[in-house]
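This briefing goes with the sequence and the model displayed below. Please read the points alongside the coordinates, topic by topic.

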Amino acid sequence: MTITTSDPSLDNADSRSRRLKALTHETHDRLDKSIMAADPFGSVEGYTRFLGVQHRFHRDIDALYNDPGLRALLPGLAERRRLGLVAADLADLRADAPAGDTPPFFTPDTVDTATALGWLYVAEGSNMGAALLRKMAEKLGLSDTFGARHLAPAPEGPAAHWRTFTASLDAATLAPEQEARAVAGAQTAFARVQQYVDTAFA
């Protein structure tokens, strides 16, 4: 499957990133409410469970950051990888990474580009809320260099980091069936994280 890059001067009101936001709003909102209800930043123990959720999700998508097709579409993709940072945060807290009892969602041989774009939309969107979570982590004695590395902002700031990503995401030319797979990918990603949250905080 080949996905090319089109003229980036798209109609923002009808951009892919905005459509993904609208079409996943209900699933995303439910997930946000579940996480806040679990109060993962109320204690180090709760935060460690939250890190377990993050580790499972980023393990699911880790193969995407080395995929040649995605790296061509999304410049700087490799630098957005966060699994290593989450693993370092767990190590800081002397916590083990969750057991790999199920295979990651993506492996190097199972990357569908359109589906992957939906998953990466979810992963990158989570960075926009990291600023608030970072402040909550500070109250637990955690920082950008200890325990909360994966919440540290990009050097250019989270908003600029997000705009760079969405500009590339919006510029990818997808056929209608690929658009549907991108939406399904984002919805599946949110549902997968919901499953991890439900399990971690049951």
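In this predicted model, the axes of α3 and α9 approach to within 9 Å and cross at roughly 145 degrees, and the crossing is right-handed. The distance between the axes and the angle between them are the two quantities by which a pair of packed helices is described.

**Packing of α3 against α9**

- On the α3 side the contact is made by Arg49, Val53, Arg56, Phe57 and Asp60, while α9 contributes Ala189, Arg192, Val193, Tyr196, Val197 and Ala200.

**Nonpolar core**

- The largest nonpolar core holds 49 residues, and the members that touch the most others are Tyr47 and Leu64.
- At least two residues of this core come from each of α2, α3, α4 (68-73), α5, α6, α7 (130-138), α8 (158-171) and α9 (176-200), and α9 gives the most, with eight residues.
- When neighbours within four places in sequence are left aside, Leu64 is in contact with Leu70, Leu77, Phe106, Val111, Ala116, Trp119 and Leu120.

**Aromatic pairs**

- The model contains nine aromatic pairs, counted as rings whose centres lie within 6.5 Å.
- Phe41 and Phe50 are both buried.
- Elsewhere, ring pairs join Phe57, Phe105, Phe106 and Trp119 into a cluster; of these residues, Phe57 also takes part in the contact of α3 with α9, and Phe106 and Trp119 are among the contacts of Leu64.

**Arg16 and Ala172**

- Arg16 is found in helix α1, which covers residues 16-23, and it counts as buried because its relative accessible area is 5%, under the 20% cut-off.
- Not counting residues up to four places away in sequence, Arg16 touches Leu169, Asp170, Ala171, Ala172, Leu174 and Glu179.
- For Arg16 and Glu179, which are 163 residues apart along the chain, the C-alpha atoms are separated by 8.5 Å.
- Ala172, one of the residues touched by Arg16, lies in strand β2, residues 172-173, and is likewise buried, with a relative accessible area of 3%.
- Ala172 and Gln187 are 15 residues apart in sequence, and their C-alpha atoms are 19 Å apart in space.

**Backbone with positive phi**

- Most residues other than glycine have a negative phi.
- Asp39, although not a glycine, has a positive phi of about 50 degrees; Asp39 belongs to the loop between α2 (25-38) and α3 (44-61), and its relative accessibility of 44% makes it partly exposed.
- Arg94, also a residue other than glycine, has a positive phi near 55 degrees; Arg94 sits in the loop between α5 (83-92) and α6 (113-128).
- Is Arg94 buried or exposed? With a relative accessible area of 80%, Arg94 is exposed, because this value is over the 50% cut-off.

Terms used. Residues are numbered from 1 along each chain as its sequence is written. This is a predicted model: local features need pLDDT of at least 70, side-chain atom pairs count only at pLDDT 80 or more; totals for chains, interfaces and linings use all residues. Side-chain values use heavy atoms; hydrogens and water are left out. Rings of Phe, Tyr and Trp (its six-membered ring) pair if their centres lie within 6.5 Å; planes under 30 degrees apart count as stacked, over 60 as edge-to-face and the rest as tilted. Buried means under 20% relative accessible area, exposed over 50%, partly exposed in between (1.4 Å probe, protein chains only). Helices (H or I, at least four residues) and strands (E, at least two) are DSSP runs, numbered from the N terminus. Contact means heavy atoms within 4.5 Å. A nonpolar core is a set of buried Ala, Val, Leu, Ile, Met, Phe, Trp, Tyr and Cys residues joined through side-chain atoms within 4.5 Å. Axes are lines fitted to C-alpha atoms, for helices over the stretch in contact, and angles run from 0 to 180 degrees between N-to-C directions. A crossing is left-handed if the near helix is turned anticlockwise from the far one by less than a right angle, and right-handed if clockwise.
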